[in-house]
Amino acid sequence: MKRLFLIGFLIFATNVFAQTHDGYKRNFKYGIGINAGFPLNDPYTFNLGGDARVQYNISETYSICLTAGYQNLFVDNEKNLGYIPVKVGYKTFLFSNEFYVMGEIGGAFSATKAYNANSMLFSPSIGYATKKVDLSLRYEFVKNFPIIKDNIADTGLAQLYLRLAYGFDL
């Protein structure tokens with residue numbers, strides 16, 4: 001089974017990283033963004049952070065992304081929760097290659113010793129991108145981060161984000 005997976009991955013990687021196929025020159029795009037989040041669970045009031053994204057354009061309409069950054073969840077009268085999200089994703093462009101939908105999955109690694117909670121996360125998003133500007137709306141669910149639900153401690157933080165980024169080709 002491992003060999004079958006490895007063979008499949010090598011075939012996929014060979015096709016993805018070929019420089020030209022069907023006349024399209026594949027390329028990398030980089031982006032630096034700021035994120036403002038609105039947590040949907042207590043005790044969090046706001047989330048602010050930044051990220052860097054590497055995007056590999058497989059074709060005119062499909063891309064693979066790797067995103068990492070730092071986010072800070074603000075908590076009233078308590079220590080804030082800082083974490084480092086690391087995600088891989090798949091982006092599909094629609095409507096003349098400006099509007100897109102994207103799905104990402106990865107991990108959220110606590111940077112605050114008081115919480116010491118690492119978690120899996122997933123985040124679907126929709127957005128609009130030009131050659132230089134990327135604006136998106138994202139839902140993000142962090143499975144194991146602590147929340148308060150009906151005055152009882154629980155886990156599973158849900159958030160809505162706005163992301164504004166500057167992008168450039170290399």
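The model is predicted, so local features need pLDDT of at least 70 and side-chain atom pairs count only at pLDDT 80 or more, while totals for chains, interfaces and linings use all residues. Residues are numbered from 1 along each chain as its sequence is written, and side-chain values use heavy atoms, leaving out hydrogens and water.

Let us start on the surface. F28, V54, L66, Y70, I84, V86, V88, I105, F109, M120 and F122 make a nonpolar patch of about 910 Å². Patch residues have over 30% relative accessible area and no salt bridge, with nonpolar side chains joined within 5 Å; a salt bridge puts a side-chain nitrogen of Lys or Arg within 4 Å of a carboxyl oxygen of Asp or Glu. Areas come from the Shrake-Rupley method with a 1.4 Å probe. β6 gives the most to this patch, three residues. Strands are DSSP runs of E with at least two residues, and helices are runs of H or I with at least four. M120, in strand β8, has 47% relative accessibility and therefore counts as partly exposed (between buried, under 20%, and exposed, over 50%).

| Largest pocket | Value |
|---|---|
| Volume | about 490 Å³ |
| Lining | 28 residues |

K29, Q55, N57, T130 and K131 lie nearest the pocket's centre. The lining divides into nine nonpolar, nine polar and 10 charged residues.

Definitions and conventions: Patches are made of residues with over 30% relative accessible area and no salt bridge: like charges are joined within 9 Å, nonpolar side chains (Val, Leu, Ile, Met, Phe, Trp, Tyr) within 5 Å. Buried means under 20% relative accessible area, exposed over 50%, partly exposed in between (1.4 Å probe, protein chains only). On a 1 Å grid over the protein atoms alone, a cavity is a set of points where a 1.4 Å probe fits but cannot get out, and a pocket is an open set with protein on both sides within 12 Å along at least five of seven lines; lining residues have an atom within 4 Å of a point. Grid points are joined across faces, edges and corners, and a volume is the space filled by probe spheres set on the points. Ala, Val, Leu, Ile, Met, Phe, Trp, Tyr, Cys and Pro count as nonpolar, Asp, Glu, Lys and Arg as charged, and the others, Gly among them, as polar.
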